[in-house]
Amino acid sequence: GVAWCVAKDDADNGQVQQFLDYACSELSCEPIQPGNPCFDPPTVLAHGSYVLNAYFNQFGVCSPKIGRVVPVDP
């Protein structure tokens, strides 16, 4: 089946930001830059979910500290 990796609702913003900084050095985070389609909503968790899922799609890893795998498209 298909799955998505999204930020946990109670994920720590600092940890999510650390993941963003790390993952965006490995992946293109262009879609979440201002003016691009995935920028809104401009929250750490929303951007975190986008990047967690992009990382999950590329590497097959959903960060257990801040992410969870869900069976439906968020």
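Buried residues account for 32% of the chain's 74 residues. The model is predicted.

**View 1. The whole chain and its elements.** The chain holds two helices and two strands. Read from the N terminus, their order is β-α-α-β. The radius of gyration is 11 Å, close to the 11 Å that the globule rule gives for 74 residues, so the chain is as compact as a globular protein of that length. The C-alpha trace spans about 30 × 25 × 20 Å along its principal axes. Among contacts with a separation of 6 or more, 74% link residues 24 or more positions apart. The chain exposes about 4,600 Å². Carbon and sulfur atoms supply 53% of that area.

**View 2. The annotated segment.** An unreviewed UniProt entry carries the annotation "domain: X8" for residues 3–64.

**View 3. The largest nonpolar core.** This core has 16 residues. Phe19, Ala23, Val51, Leu52 and Ile66 touch the most other members. Two or more residues each come from β1 (4–7), α1 (13–26) and α2 (44–59). In soluble globular proteins, nonpolar side chains tend to be buried together.

**View 4. Phe19 and its contacts.** Neighbours within four places in sequence are left aside here. Phe19 is then in contact with Cys24, Val51, Leu52, Tyr55, Ser63 and Ile66.

**View 5. Helix α2 and its cover.** The 16 residues of α2 should span 22 Å at 1.5 Å a residue. The end C-alpha atoms of α2 are 21 Å apart, which agrees. An α-helix has 3.6 residues a turn, so residues three or four places apart point the same way. Just after α2, Gly60 takes a positive phi of about 75°.

**View 6. Ser49 in α2.** Ser49 sits in helix α2. Is Ser49 buried or exposed? Its relative accessible area is 19%. The cut-off for buried is under 20%, so Ser49 counts as buried. Not counting residues up to four places away in sequence, Ser49 touches Cys5, Val6 and Ala7.

Conventions
Residues are numbered from 1 along each chain as its sequence is written. This is a predicted model: local features need pLDDT of at least 70, side-chain atom pairs count only at pLDDT 80 or more; totals for chains, interfaces and linings use all residues. Side-chain values use heavy atoms; hydrogens and water are left out. A nonpolar core is a set of buried Ala, Val, Leu, Ile, Met, Phe, Trp, Tyr and Cys residues joined through side-chain atoms within 4.5 Å. Buried means under 20% relative accessible area, exposed over 50%, partly exposed in between (1.4 Å probe, protein chains only). Helices (H or I, at least four residues) and strands (E, at least two) are DSSP runs, numbered from the N terminus. Contact means heavy atoms within 4.5 Å. UniProt positions are given in the numbering used here, feature names are shortened, and annotations may be inferred rather than shown by experiment. The radius of gyration is taken over C-alpha atoms; the globule rule is 2.2 Å times the number of residues to the power 0.38. Accessible areas come from the Shrake-Rupley method with a 1.4 Å probe; for residues, only the protein chains shown count as cover. The expected span of a helix is 1.5 Å times one less than its number of residues.
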